[in-house]
Amino acid sequence: MTDTLLSVDNVSIYFKRQGGDLKVVNSIAFDVAKGEIFGVVGESGCGKSITAAAVMGILPQNAYYKGDIYFKGQRLSDLTVDQQRGLRGNKIAMIFQEPMTSLNPVLTVGYQIAEVLMVHKGLSKTHAIARAVELLGDVKIPSPALRVKDYPHQMSGGMRQRVMIAMAIACNPALVLADEPTTALDVTIQAQVLKLLRGIQERYNMSVVLITHDLGLVSENAGRVAIMYAGRIMESADTATLFKRPVHPYTIGLLNSIPKGRHTPLVPIPGFVPKPDNLPEGCKFSDRCGFAEKRCKEAEPMLLEIEKGHFNRCILTGKADT
Amino acid sequence: MNAMNLMEVRGLKKYFQMRSGFLSKPHQVRAVDGVDFTIEQNKVFAIVGESGSGKSTVARLLLRLIEPQEGDVLFKGTNVLALSGDKLKAYRRSVQIIFQDPFASLNPRMKIYGALSEPLKIHKTVPKSQFRERVRTMLERVGLDSDVMERYPHEFSGGQRQRICIARALMLGPELVVADEPLSSLDVSIQAQILNLLIRIKEDIGLSFLFISHDLSVVQYFSDKIAVMYLGKIVEMGETAELFDNPMHPYTQMLIESVPKIIGAKTTPKPQKSHQPEDTAADTPSPIEIPEGCPFHPRCPKRFSPCTTTVPELKPSNGRLISCHLTAEI
């Protein structure tokens, strides 16, 4: 792809541990094009948030990654600490799940937005605050000139999340990593926040990595999607293909787990989400998969392209014609 | 009174006193503001609503974990709010609760056997010699092996813990189970397992449920009747299938439209988003400052003159109850 903005190439993420480091993400690879919304779906512990942290360069102290992450063709690990800091919050921004805990309770929201601009754009405080008011208006906060002086606790959850978006877009980043941006919000507020994010994304032609557990959210918003399980990408395709013709048993299982009205029986995936230190042999989904055969437990399948742009990690449903 | 009715709730009100600061005047939060509904035998009655709508307060009122300001709660014709001593204890055997967070609702220092046998110990329904057998039967019913008895909660995943919580709620043979967001802390693949388990239990032992949730697709699948709550009041109540086929209150419509749909999947056609809440107020008002008139009017895309001044009554219309000036006019 010519206009690739972010390229995650064979990245594995490890946690340092006595008696052998724990691998939580196993050689994942994906590209995000300019102006695209790329969805990453998975259940808790599948490695989706830690992948975003690796891209952002904010892995916890006891974690590290192997493999390469390229942003605009530049390998992030080649950059100095200062250069990385220059990207973070500036060219790559992040929206976290919990607006409650990711805003500083003792600073006004205006100052928190302005700080981003003072650090990265060198604006004076007065100019930065003035720009913060504009940004609050951009994210549709009523009477932004007054609200800029509010502390986070004076705002509702939906407004706080809009403040988070304002902070993320303050420097007009090329890439926004949105990690469960609406999970803490009520469904009607979720719809508004996403509409807002979509509008901003289209206006500035930003790329967004939308990390979520909600298949519906990805279906409505993302252009392409990767389904993660146990630190691996199990299936990826453009969104329409993935939801119309899912092939991986895990993807199908997830779709069957969602209630679709009274008359469609629910077919849950048996068992439970495995822990990274206790994964089955062979295919990591084989212990919960209804189709698993002996060979599934012998070797882990590769992620193969079964038709153009549609990747699948399963030896049983690997062919495009099944 | 209808013999089929297990529980009847009439005019239930709960106001909380709140102070925003040390010196400020206390103000009232109208968490539940005059709610009436009926739970029928062996049916699932669902309350849906967003945070702050008062749905969990209703659950806690029915269990008498908190006391209401006003209203009646009748369980099989007996006024629950007048019970005390042994009679209250007996009521609590018949009505049990499953909480949202299975991580917070199991004592981490108690083995599973201890947690499940405690209700038997307190209520002395069976002799001690039968405890183990009872616990084993209940664990099997929720799909767990009896060897989990000697283990501690931290050894289990969220889904398994929720199964344990369900088993605990069933230990005393309740007639009504109040399930307060029992699925919302679980992964998608596990939610479906627990939901199927609840359905099986309901059919096996003829339980009735008060099911509280914000997840409309789950409610649509599981419940027989729904009440939609908004800022302490029921705004629409009716049979589940009819309500989803034809939501009539603008808030119900907004709720159903806001759920992200999987486009392309065979069974969920993409609905037309008829009215976007564009020019309307974005956020749910705080229950401290409930707007004048219809509480939903600042967010309502269909509001007209009476909405800002007069509170609409919950009135029958099209085989259900709706509180909206629009339907009242027709």
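The model described here is predicted. Chain A contains 11 helices and 12 strands, and its domain assignment gives domain 1 (4-222) and domain 2 (246-322). Chain B is likewise divided, into domain 1 (2-17 + 28-234) and domain 2 (253-329).

**Overall build of chain A**
- The radius of gyration of chain A is 21 Å, which agrees with the value near 20 Å that a compact globule of 322 residues would have.
- Taken along the principal axes, the box filled by the C-alpha atoms of chain A is roughly 65 × 50 × 40 Å.
- Of the 322 residues in chain A, 46% count as buried.

**Domains of chain A**
- A distance of 30 Å separates the C-alpha centres of domain 1 of chain A and domain 2 of chain A.
- Contact between these domains involves 7 residues of domain 1 of chain A and 7 residues of domain 2 of chain A, and on the side of domain 1 of chain A that touches domain 2 of chain A, strand β2 (residues 22-33) of chain A gives the most, with 3 residues.
- Sorted by class, that side of domain 1 of chain A has 3 nonpolar, 2 polar and 2 charged residues.

**Domains of chain B**
- In chain B, the C-alpha centres of domain 1 and domain 2 lie 29 Å apart.
- Here 13 residues of domain 1 of chain B are in contact with 12 residues of domain 2 of chain B, and β2 (27-40), α7 (216-222), β9 (225-230) and β10 (233-239) of chain B each supply at least two residues of the domain 1 side.
- The largest share of this domain 1 side, 3 residues, is contributed by β2(B).
- The residues of the side of domain 1 of chain B that touches domain 2 of chain B comprise 7 nonpolar, 3 polar and 3 charged.

**Contact between chain A and chain B**
- The contact between the chains draws 38 residues from chain A and 36 residues from chain B.
- On the side of chain A that touches chain B, at least two residues each are supplied by α7 (157-169), α8 (187-204), α9 (215-221), α10 (239-244) and α11 (249-256) of chain A, and α8(A) gives the most, with 6 residues.
- By class, the side of chain A that touches chain B is made up of 17 nonpolar, 13 polar and 8 charged residues.

Note on methods: Residues numbered from 1 in each chain as written. Chains lettered and ligands numbered in written order. Predicted model: local features only at pLDDT ≥ 70, side-chain atom pairs only at ≥ 80, totals over all residues. Helix = DSSP H or I, 4+ residues; strand = E, 2+ residues; numbered from the N terminus. Rg over C-alpha atoms; globule rule 2.2 N^0.38 Å. Buried ≥ 20, exposed ≤ 12 C-beta atoms within 10 Å, placed from the backbone. Domains from an automatic or database assignment. Contact = placed C-beta atoms within 7 Å. Nonpolar A, V, L, I, M, F, W, Y, C, P; charged D, E, K, R; others polar.
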